[in-house]
Amino acid sequence: MSFADLQGNENLIVRLKKMIRSGRIFHGCLFEGKAEDTEALAKAFVRAALCERQDGDACGICTSCRKFEAGNSEDVSFIGGEGSVRDRDIEALISAAMKKSYTGRPVFMIVRSAEHMTLRAQNRLLKTLEEPPSGVKILLLTENAELLAPTIRSRCILFRLASSSEGETLFSAEEREKALRFACDILEGKPFYALSGQIAGFASSRETAEQWVSCAETFFRDVLVSFYDHSGRLLIHREEIPLIRRCAASFSAEQMAEAAVCAEKALRDLAFNVSPGRAIKYMIFDLQEKLRG
């Protein structure tokens, strides 16, 4: 399984390839989507990250690729998938990951059905996410990120997958610029009455609202990522680096994590058929209240 074998989620795959090529893979990644889709993408990502060629995708012929395909890579550990994930499961996974890699490449801990982790298991994993051992990367696969503790979500980069049947719909470059400016206006506390026209435009349909909220969420996460990615290699919206830097200078990493969570909630509201206008308004109220707090 390689990126080339996957259908859809092209923008997300581009982002993952950038992380691999830069050699700066974030220590906590959260993949949300259908189980079969997150499993396929996570495997393609890990295989590409461990590939000896290091060009962003798996070559399929190096020793690392062949070991991964055979299921005996010493740099990868899986747990979960059936039943709950308990404290002892996480402890065993961490113990395995703490062993030095034979290859010098990253060590990947992959938790399937992460939403089934018990609270004690999440608390144990949180300690590792807060102080990750050098070279250890944690991948959480889930169908519903909202079922994970907010402290877990805030310490991971979220990758939300479109199902293979949904595909991806994208704003044009001009629409994306407007969407990001709107997100920035919200962050900077522009009064609600001054935002009403933009709200109406982005709430014109459920699809448009979902695209805008997804765009806003990736922007908030870009600002968050920019606190440690000073070169900008991992940013999705690299064309808006001045805007990202401006927001990073005005808000803390914790505030940007809160903003991303607000966007996640709006996407969840839209999935549960809350009207587009209400979902966006709730998101704005919630986000600005948290930033003021």
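## Aromatic rings

F31, F45, F108 and F159 form one aromatic cluster. The structure, a predicted model, holds nine aromatic pairs. Rings of Phe, Tyr and Trp (its six-membered ring) pair if their centres lie within 6.5 Å; planes under 30 degrees apart count as stacked, over 60 as edge-to-face and the rest as tilted.

How far apart are the ring centres of F192 and F285? They are 5.0 Å apart, and the planes meet at 25 degrees, so this pair is stacked. F192 lies in helix α8 (residues 192-202) and F285 in helix α12 (residues 276-292), so the pair ties together parts that are 93 residues apart in sequence. Helices (H or I, at least four residues) and strands (E, at least two) are DSSP runs, numbered from the N terminus. F192 is partly exposed, at 29% relative accessibility. F285 is partly exposed too, at 46%. Buried means under 20% relative accessible area, exposed over 50%, partly exposed in between (1.4 Å probe, protein chains only).

The charged end of K43 sits over the ring of F78, 6.0 Å from its centre. For this, NZ of Lys or CZ of Arg must be within 6 Å of the ring centre and within 35 degrees of the ring normal.

## How the model was read

Residues are numbered from 1 along each chain as its sequence is written, and side-chain values use heavy atoms, with hydrogens and water left out. Because the model is predicted, local features need pLDDT of at least 70 and side-chain atom pairs count only at pLDDT 80 or more, while totals for chains, interfaces and linings use all residues.

## Strand β1

Which residues of β1 point one way, and which the other? G28, L30 and E32 point one way, while C29 and F31 point the other way. In a regular strand the side chains alternate between the two faces of the sheet. In β1 (residues 28-32), five of the five residues are buried, so the strand is largely enclosed by the rest of the structure.

Two strands pair if DSSP finds at least two bridges between them. β1 pairs with β4 in the parallel sense, over five bridges. There, F31 has L141 of β4 as its bridge partner. β1 also pairs with strand β5 (residues 157-160) in the parallel sense, over four bridges. In β5, I157 stands opposite C29.

## Helix α4

Helix α4 (residues 87-98) has twelve residues. From first C-alpha to last, α4 reaches 17 Å, close to the 16 Å expected at 1.5 Å a residue. The expected span is 1.5 Å times one less than the number of residues.

Where do the buried residues of α4 sit around the axis? They are D87, I90, L93, I94 and A97. They cover an arc of only 130 degrees around the axis, which puts them on the same side of α4. That arc is taken from the directions from the helix axis to the C-beta atoms. These buried residues pack against β2 (76-80), β3 (107-112), α5 (119-130) and β4 (136-142). Contact means heavy atoms within 4.5 Å.

The loop between α4 and β3 holds G104. G104 is exposed, with a relative accessible area of 67%. G104 and G232 are 128 residues apart in sequence and 25 Å apart in space, C-alpha to C-alpha.

## Helix α7 and D185

The 15 residues of α7 should span 21 Å at 1.5 Å a residue, and the end C-alpha atoms are 21 Å apart, which agrees. The buried residues of α7 are A179, L180, F182, A183, C184, D185, I186 and L187. What covers them includes α8, α9, α10, α11 (253-271) and α12. After α7 comes G189, whose phi is positive, near 80 degrees.

D185 lies in α7 (residues 173-187). D185 has a relative accessible area of 18% and is buried. Not counting residues up to four places away in sequence, D185 touches K190, L195, Q198 and Q288.

E217 is in helix α9. Is E217 buried or exposed? E217 is buried, at 4% relative accessible area. Not counting residues up to four places away in sequence, E217 touches L158, R160, A260, A263, E264 and L267.

L234 is in the loop between α9 (206-225) and α10 (241-250). L234 is buried, with a relative accessible area of 3%. L234 and M19 are 215 residues apart in sequence, yet 5.7 Å apart in space, C-alpha to C-alpha. Leaving aside neighbours within four places in sequence, the contacts of L234 include M19, R15, R24 and Y228.
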